[in-house]
Structures are given as structure tokens and as C-alpha cells.
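Visitor: I am new to reading protein models. Could you walk me through this one, a feature at a time?

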Amino acid sequence: MSRDFILSGRFGTISSPPARGSWLYLPAVLVALGMTVPLIYLIIRASSADQSVWSWLLRVQTLQIMGQSLLLAVTVMVSAMFFGVLLAWLVTRTDLIGRKLWAALLPLPLVIPSYVGAYLFVSFFSPRGLLQTLLQTWFGVDRLPSIYGFWGTWLVLTLLTYPYVFLAVRAVLSRSDRSLEEAARSLGYSPLQTFLKVTLPQLQPALAASGLLVGLYVLRDFGAVSILRFTTFTRAIYLQYQSSIDRSAAALLSLVLILITIGFLAAEQQFRHSAAEHPHTAVRPAGPIRLGGGQVPALFAVNLILLIGLVLPAGVLFYWLVRGVAAGEQLSGWLRPLVGSLSAAGLAALITSLAALPVSILTVRRSGWFNKVLEKWSYLGYAVPGVVVALALVFFGANYLPALYQTLAMLLFAYMILFLPQAMGTLQASLRQVQRSLEEAAASLGENPLRVFQRVTLPLMMPGVASAAALVFLTTMKELPATLLLAPIGFSTLATQVWAAVSEAYFARAAAPALILILASSVSMYLINHHSTQSGSSQ
Amino acid sequence: MFKKQYWLILLLGAVFLTGCASFSASSQAEDAGKLVIYSGRSESLVAPVIEQFSQASGVKVEVRYGNTSELAATLLEEGENSPADVFYAQDPGGLGAVANAGLLAPLPEETLTKVDSRYRSAEGLWVGVSGRIRVVVYNTQSLQPEDLPADLFGFTDPRWKGKIGWAPTNASFQAMVTAMRQMWGEERTREWLLGILANQPVVFDGNTAIVEAVGRGEIEVGFVNHYYLYRFLREQGDSFPARNHFMNNGGPDSLVMVSGVARLAAGKNEENALKFINFLLSPVAQQYFASQTSEYPLVAGVQIQAGLTPLENLNAADITVDQLADLEGTLNLLREAGVVP
């Protein structure tokens, strides 16, 4: 252990006075209290669940549904991690042609709401979809194999979630020191060996955190599983709301989902625990790995993923738009939803990243059970379907905080509950890379903790902060249930516009806001990327 | 580097303020007062009608759009503190749940009697606005109307194996199963469900997806509401290869269903709420539904979509909306039969 200890640069732990930074507990605990709102609501509602719900819960079929949920979550997690790491490595470590462009485009599938993504996927790939129509005219193909069920759902969810891993891993790779990798290469390791033995261990915390986000995303997804017809536990919860508006039954099921999430959190803790910390500060520009003949397969992989994950959805939308306009559809009124989306998502990104900072610092810089509980507690809102969190806030807001109910503040609070773990995971990963001796050097020179944080820690973790804000921004852009139920009345976003049109089969009307959603998110992504690389290089 | 961040924050703040400004500009109450509507019907469908009402009455209307069941759950959570005056729902299920919680105020007799007693709550707590009928949508390239059986039971024949699409989680489908339980009895309904299951139907998420799949020829028939087809015909032209078939046998498969509207008892704008509900039942609004959404008007004297048989000439299921309220029983049956998880 001592070797790891020395390598991890943890000398500071012993000498640093334990009291420093304790004021962080105040905001951290406040945020944790906010996270408790859905849980209290669920317990209140579940306590009135009647016998029939319990008997439904304890059936064999229910266990089977749970098994399906877990199977989907784990498989998507594995594939998203694979693609996320591969792509991040390609755009940060190699001389891949056009990697700046790929780096900007690859996170974008994240902005596509899962119900829209699944819908577009079905209209293109289904047995008699657009692709079949094309193949029919060229090759006379009459029917394509079915894409419904497990594999279709797996593919769509993988394409929608790999950006979580991509963003987290890229943030680590773009800051971590390459000297170890170069040493390994000079000792005769192949790029693959170097990657497996040197790079991958550094990625472990970021991988664990982002993999967890992917797993939980899948567990609580409703859109893709219902359109691609794969029954999961969350789908069962939605059915309960839809069919009988039985809130107590749905609450009980949500509590079960929280139990499953605790299992995931424990697994993540194990995975992360085995990882050593690799803090580095000096980023030395090193020559990228030459892909040589590997350019072709690498470009093929990147383009295939972008084709299915981004170009096809956008293409189908564009086709709908053109067809609709040709049929005389009027396109207007997109400015207000655009402003709504941008302001809500921008504020949510700012507030949620800020709210995630204290707990991220505490959990990375300190150990102990309380900090662990504080960290896991933050996942509460992320463990249950969005509609459950929304209804919890409806209940508390309408009855106990009428002044704030249906205001933007309430909506932003909901976004915070829903997306805090996304910001936290990324912040923690980047904080782990900040060498503590630097902070201590600054402190010993007489700077107060706040100044140390502002002048040393924050600049060093800036790419991580930008990534965290970007993640929250992009997911807020597409958020639906909380926006519908909690936004100020009359407040519309691009996502609500898309939903309103798609749910009534007005495809042309859905196409314009959906395309604007993707475009606006892309521009924002570009700005954040640009900004974070600039601030990273200006030190 | 901090300068750049400040710029970003400043930019965000500016965007946000513009957003707020556009709100407050539009939220100045006029003399006619205001009205808050929770609409389970989508904005694309009803916003023009609401706009018309606002123009004609001078009432400042605020609408929260959402999914009917989620808005019903919201109303239940809000209870007496709900800001809503009116609940406009896609189907009777959501209205029933809110009515059972005692949150609705009875509507005046002259409003209720504008609509046939079959299409409103017996206690007068809500009234139907527009109707749709359950139909079988079929692919015109593989089937003729005469190929279709006389009632839905005919689809349990093995000839239909793999050719049927249905959406068992859809509220309208579940309403039809409730009607089956009322008119056929539990046993025969279960028999029908198992018979269709044996034919390995393709399961869809909703009516739209079924009509689309029938048009693509992925399946030959689907159990849907009539009006989705007209959206496709409008966007894709008459060549879209799918048409509706109404069973017209007076059984539960010839069901007429309604969207409905109710007034919340705790609402602060009673007068405007009633004004709005009456407006929905006025010839202007009813004509809008008939021509724009291809639905059936529930008030007499309105021109209906070309190709539709008038409601009064249909041999529709003889069942009241209150009889369709037992969704819990239907859900249990669907689960027992293994139709829904």
C-alpha cells in the first residue's frame, strides 16, 4: 500500500489540519436536505399502498421485469464505457484526422431526448421504415428484421449515453500527465499495452462515475423502452400512473428502484475503491500517438457512431421538415421556446455545478462514513423517474411553499435534484487530478482557504467544471416531466414543443424545434469546449 | 481567464432577463380577469381554440400543457391549493380520478344539457367536448373492408396471426377493454385478450405508431382511435395506404369516447371557467374540432370531417362514460392475462 500511497502524492493528508474547509459542510448538507424531498414524498405515498400492489410486486413476473431492467442497464453501461473510452482516447491521444471536429460532435447525441431518439430510430430502421423504402427501390428488399425488443433498445440507449463516458474520460485525458505513457512507450509497450496498463488505471474513477450515470439513466429511462417495446421496471411505474393514476403504487415501485440504485452505488464504490489516485498538474504537450494505417478503421468507427447517433436522427428530422413544409405547414413561434430552453438550461448548469462543488470537494478530500453517505445521498433524485421527482415537488410546493410553486426557482431546484450527480461525478474526477501539495503550498504562503480554492484549485479543475456544466446544460435542454409540471405557467421549451407535436403525430411541427434543439445545443457545446480549452491553456 | 467566465455569466443573465421580460409583458391582467387551464390535450390541438376564446372574451388565459394522467396526478397532489380553474382532459380516466377526490365543482344544468347524457358524468361534474370512435385501421394494399370480421372477436382467428397491432398501455384501448368487461363480461373479455395474445400481436406504445406501422405494411390491422389516420392523410396525402373501418355493431368495439372538461372547486375564477367551458361547447369551437382535429363534435348542427358517418347514424356501443370509470379492474385483468406487465 505504501507504494500506491507515495505514487498518489497523498503526503498532504497527514499534515493538513483537519478543520480546514469544514464550512463546506453547511452548503453540502443543505443540498443533501434538498435531495431528501423526493424520498419523504415517496415514503408518505407508499405508506398508503394497498395489498394488491404488494402482491403485484412479489410476483414472479415482477422479478423477471427487474431482471430485464438490470440486464439492460448493465449491457448498455458496458458498451457505453467501451465506446466512450475508445472515442475519447482517439480524440485526445492520437493524430486522428479531424479530431477537433469529432471532439465537438461526439458529445452531441446526448442532447437528443430518448423518446425522440427512439422514435427517429424506429422510423428509419423499422421493418418497413425509411431505410427499407430506400432498399426497396434499389434492391427490392421487402422487409427488414425487427429492431424492437432488447437489441434495438440496447443500441439506442448506448448511442444516447456514451457521451457521458466520453465527456468524463476526455476531461481526465486532456489534463493528465503523459510522461508515464511516454515512459511506457519508450520501454517498448505497444499503444494498446500502454493504454491498458498505464492510461486505463488513471481513468478508473471517471469511468466508475460516468458508468454509474449511464446505468442509472437506463434504469430510469421511459421513452426508449416504451417505443422500442422492452419492459423495464420504470416502464411498469409509468404504466401505473397512466392507467390508474395510482400514486401510492407508483411510489412503492419507485422505492424499489431506489433500492436497486443503492446496489449500483455500492458496486461503483467497489470499482472506484480499487483505483489509485493519479494527481498531476504539469501537462506537457507530448507528440500524439501516430495512428498510421489505423486512421482508416478509427475514422470509420467515429463516423459510424456519428452517422447513427447524430446524422440519421437529424436527417430524418430534416426529411420530416421538408415534407411538412412542402405540404404547407407553417413554421413559427420557435423563438420563445428557444429562449426558454437556453435560459433554463444555462441557469440549471450554473446552479447545479455550484451546488455540486461543496459535496464534491468534501468527498474527494476527506474520507469517513459521513462524507460517503453525503455523496451517495446526492444520487437520490437521480434514482427515480423524472415524473416522480416532479410530483414530489408539486406536492411540497403547492402545499408548503405556495409562494415558490410554479416559479423558475422551483424548476431550477427540480433540475438540481435531477442532475446533481452528473455534475458531481465530473467534478470529483477532475478534483482527484489536482495535486494537493500545490494547494498546501499556497496555504502555507498565507492564502486563506477561499483564495487557495479560487487561485489554485478552481483553475486546475476548470475543464472538469466546464464538462460538468455542459452535461447539466445538455440534459436540461431535453428534460421533460419536471419542465411540464413545474415550469411557470406558459413557459415553453424546445423539448416541450417537440413532445407536444410528436405525441400528436405532427411530425413536421416536431421537426423544427427538434432541429433547433440539436443546433442550439451544438453551438453551446462548441462555446463551452472552446472556453475550457482556452482557460486550460492560459495558465 | 476569469474575464471570460464573467462574460458567459453575463450572457446567461441577459438571456434569462429577456425571458423574464417577455413573461411579465404578457402577464398583465386585463379587466376581464384571468383563467388557469390544465390541459391534457396537446398544445398543437387546442391552442388555437383557447386563443380564440381569449380574443373573444378578453380573458387572460394561462395554460399548462401535459399528459392527462400526469396532470391528474398533479391536481391530486395540489389538492385545495391548485392554481388551476379548469381541467381539460384527453380521456375520462383522468377526470374520474380528480372527481373521485372531490376536487371538481358541479357544472350548471344548461351547460351539461348541451351534450347527450351518454357523454357526460352522471353527477354533472364534467362534460364531454369532442368524441372519437374506436376503429380498426387496415392496410389498403393487403386488405379490403370486406376481409375484416364483424366484430373484434373475429381477430382471434389464427388467420390474423402476426398481423395485428395493438397498444394495451394506451388509455383509449383500456377504455375499450373496460367497455368489453361491462358488455361482454369478465370471462369473455379475458377470452378475447388471450385469443389476441395467441395471435402474437405487435405491441405498440400508442395509436400513432400503430397507424404508421399499418401504413408501412409492417402489420395489416390495428385497433386505434379514428382521428390519427387523418393526420397522416393530411401530411402525406391520400396515397397513404391505410384506412379506418368502424365495426358498427353496437358492441364494445364500436365505442365512442370523449375528451372532457371540468371546473376545479378550488379555482378562483369561477365565472371565466364557466365561460370557457361554454365556449368549448359553442358552434365555433365545435366546428374547429370537427375540421381541424377530425374529431366528432358532441353538439348538434356542426359539419363533420368528409368521409365520417355522423354520430347519430352510427350503431355505437350503448354505454355511459361513468361505466368506463373502473380502470383499476381493467388494469388487473390486463395484468392477469399477461397483456401488460
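Guide: Gladly! Let us begin with contacts: two residues are in contact if their C-beta atoms, placed from the backbone, lie within 7 Å. Keep in mind that this is a predicted model. Take V137(B): leaving out residues up to four places away in sequence, V137(B) touches I210(B), V211(B), V214(B), V221(B), G222(B), V224(B), L229(B), A242(B) and N244(B).

Visitor: Which core has V137(B) among the residues with the most contacts inside it?

Guide: In general, nonpolar side chains in soluble globular proteins tend to be buried together. Here the largest nonpolar core has 285 residues, and V137(B) is listed with V165(A), A414(A), V86(B), F87(B) and V98(B) as having the most contacts inside it. Helix α19 (residues 408-432) of chain A supplies the largest share of this core, 16 residues.

Visitor: How many helices and strands does chain A have, and how many does chain B have?

Guide: Chain A has 25 helices and zero strands. The radius of gyration of chain A is 24 Å, close to the 24 Å from the globule rule for 539 residues, so chain A is as compact as a globular protein of that length. Its C-alpha trace spans about 70 × 60 × 50 Å along the principal axes. Chain B, on the other hand, has 12 helices and 11 strands. With 341 residues, a compact globule would have a radius of gyration near 20 Å, and the 22 Å of chain B agrees with that. The C-alpha trace of chain B spans about 70 × 60 × 40 Å along its principal axes.

Visitor: Which strands does β5(B) pair with?

Guide: Look for the bridges between strands. Seven bridges join β5(B) to strand β10 (residues 256-264) of chain B in an antiparallel arrangement, and I133(B) stands opposite V256(B) there. Strand β8 (residues 221-225) of chain B is also antiparallel to β5(B), with five bridges; here V135(B) faces V224(B). With strand β9 (residues 242-245) of chain B there are four bridges, again antiparallel, and N139(B) is opposite A242(B). Finally, β11(B) pairs with β5(B) in the antiparallel sense over two bridges, where S130(B) stands opposite P297(B).

Visitor: What do the buried residues of helix α11 in chain B pack against?

Guide: Start with the residues themselves. In α11(B), residues 283-292, the buried ones are A285(B), Q286(B), Y288(B), F289(B) and A290(B). They pack against α2 (43-57), β5 (126-139), α10 (270-280) and β11 (296-297) of chain B. Just after this helix, S294(B) takes a positive phi of about 60°.

Visitor: Is G211(A) buried or exposed?

Guide: Count the neighbours. G211(A) has 27 C-beta neighbours inside 10 Å, so it counts as buried. G211(A) lies in helix α11 (residues 191-220) of chain A. Leaving aside neighbours within four places in sequence, G211(A) is in contact with M77(A), M81(A) and V165(A).

Visitor: How many residues of chain A are in contact with chain B?

Guide: There are 57 residues of chain A in contact with 51 residues of chain B. On the side of chain A that touches chain B, helix α16 (residues 335-365) of chain A gives the most, with eight residues. That side divides into 29 nonpolar, 20 polar and eight charged residues.

Key:
Residues are numbered from 1 along each chain as its sequence is written. Chains are lettered from A and ligands numbered from 1 in the order in which they are written. This is a predicted model: local features need pLDDT of at least 70, side-chain atom pairs count only at pLDDT 80 or more; totals for chains, interfaces and linings use all residues. A residue is buried if 20 or more other C-beta atoms lie within 10 Å of its own, exposed if 12 or fewer, and partly exposed in between; C-beta atoms are placed from the backbone. A nonpolar core is a set of buried Ala, Val, Leu, Ile, Met, Phe, Trp, Tyr and Cys residues joined through C-beta atoms within 7 Å. Ala, Val, Leu, Ile, Met, Phe, Trp, Tyr, Cys and Pro count as nonpolar, Asp, Glu, Lys and Arg as charged, and the others, Gly among them, as polar. The radius of gyration is taken over C-alpha atoms; the globule rule is 2.2 Å times the number of residues to the power 0.38. Two strands pair if DSSP finds at least two bridges between them.
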